[in-house]
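Please look over the sequence and the structure first.

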Amino acid sequence: MRTKYLIVGNSAGGIGAAETIRQVDKEGAVTIISEDPYPAYSRPLISEYLARERTFDGILFRPLDFYEQNSITFLPGKKVTHLELENRTAWLEDNEQIAWDKLLLAVGGKPIFPKMKGSDKRGVFTFTNLDDAKAVDRFLGNARKAVVIGGGLIGISVTEALVKRGVDVTVVEMKERILNTILDRQASLMAEEVLACAGVEIIAGDTVIDINGKGTVEEVVLDNGKAMPCDLVLVTIGVSPRAELALDAELRVNRGIVVDHHMATTHP
């Protein structure tokens, strides 16, 4: 398969780039490839999907016919495993190859998952994409008490969704207050008051070091030794840049993919 523009990633960056390309090039072949099996949807709205306040159609941020209307070849549910930059070829998991003239890596981030004993038990989830929300939704029939590890935007949004689904939630935040990277102290305290009024317990200045249970989550243990019974754990401490493809292709990486002021990588 050959395309003029190959975009790896189907979220905000990839979709915005495709739309802009179409403004200046109406004819050149555009291909978007995504590990996600769904058309473009809003990641922040998956909490409202979990809360059952929105259907799947309600979290789409482009119409279902977006790709057709913009003459874009969309390849969902496929993973790029290797890039041959000199040959301008991408290799997919099924050994399919796509040749490109220009390549955009709009790959986003992946959940940070710290090392914790018992993190492989049933009932432990991350929360960054629609499949995560669907997995948590399927599990809620077995859950009454949840521990959310991380008091950032993702953690607070999933906390809100869980409360609306009738689950008791405790938020464990390693820093001294929730939403500490985006709010000052006074605003954080206001957010904590709202959560407390909704029945949410907040534990700040501690973290989870162990998850116990016989196959399924039964309790978490904090670094201060306190054990907390629960049957659901959400790990929501943030994301890290997905740089695997860039590293494999020997592009310059410094935590994330290094680019210049035009967002160009170190390979022309």
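The sections below go from the whole chain to a sheet, a helix and a core.

## Basis and overall make-up

The model is predicted, with local features requiring pLDDT of at least 70 and side-chain atom pairs counting only at pLDDT 80 or more, while totals for chains, interfaces and linings use all residues. Residues are numbered from 1 along each chain as its sequence is written, and side-chain values use heavy atoms, leaving out hydrogens and water.

Of its 268 residues, 43% count as buried, meaning under 20% relative accessible area with a 1.4 Å probe, protein chains only.

## The open parallel sheet

An open sheet is formed by 5 strands in the order E8-E15-E9-E10-E11, with parallel pairing; two strands pair if DSSP finds at least two bridges between them. Strands E8 and E11 each have a single partner strand, so one side of each is left without a neighbour in the sheet.

E10, helix H7 (residues 185–197) and E11 make a right-handed β-α-β unit: with the strands pointing away from the viewer, the path from the first strand over the helix to the second runs clockwise.

## Helix H5

Helix H5 covers residues 130–139, and its buried residues are Leu130, Asp132, Ala133, Ala135, Val136 and Phe139. Among the elements covering them are helices H2 and H6 and strand E15. At the N-terminal end, Asn129 caps H5, with a side-chain oxygen 3.1 Å from the backbone nitrogen of Asp131.

## The largest nonpolar core

A nonpolar core is a set of buried Ala, Val, Leu, Ile, Met, Phe, Trp, Tyr and Cys residues joined through side-chain atoms within 4.5 Å. The largest one has 34 residues, and those touching the most other members include Val136, Leu162 and Leu234. H5 supplies the largest share of this core, 5 residues.

Beyond its neighbours within four places in sequence, Leu234 is in contact with residues including Phe127, Val136, Val148 and Leu162, where contact means heavy atoms within 4.5 Å.

Methods:
Helix = DSSP H or I, 4+ residues; strand = E, 2+ residues; numbered from the N terminus. Buried < 20%, exposed > 50% of the residue type's maximum accessible area, 1.4 Å probe, protein only. Polar contact = N/O pair within 3.5 Å; in protein donor to acceptor, adjacent residues only side chain to side chain.
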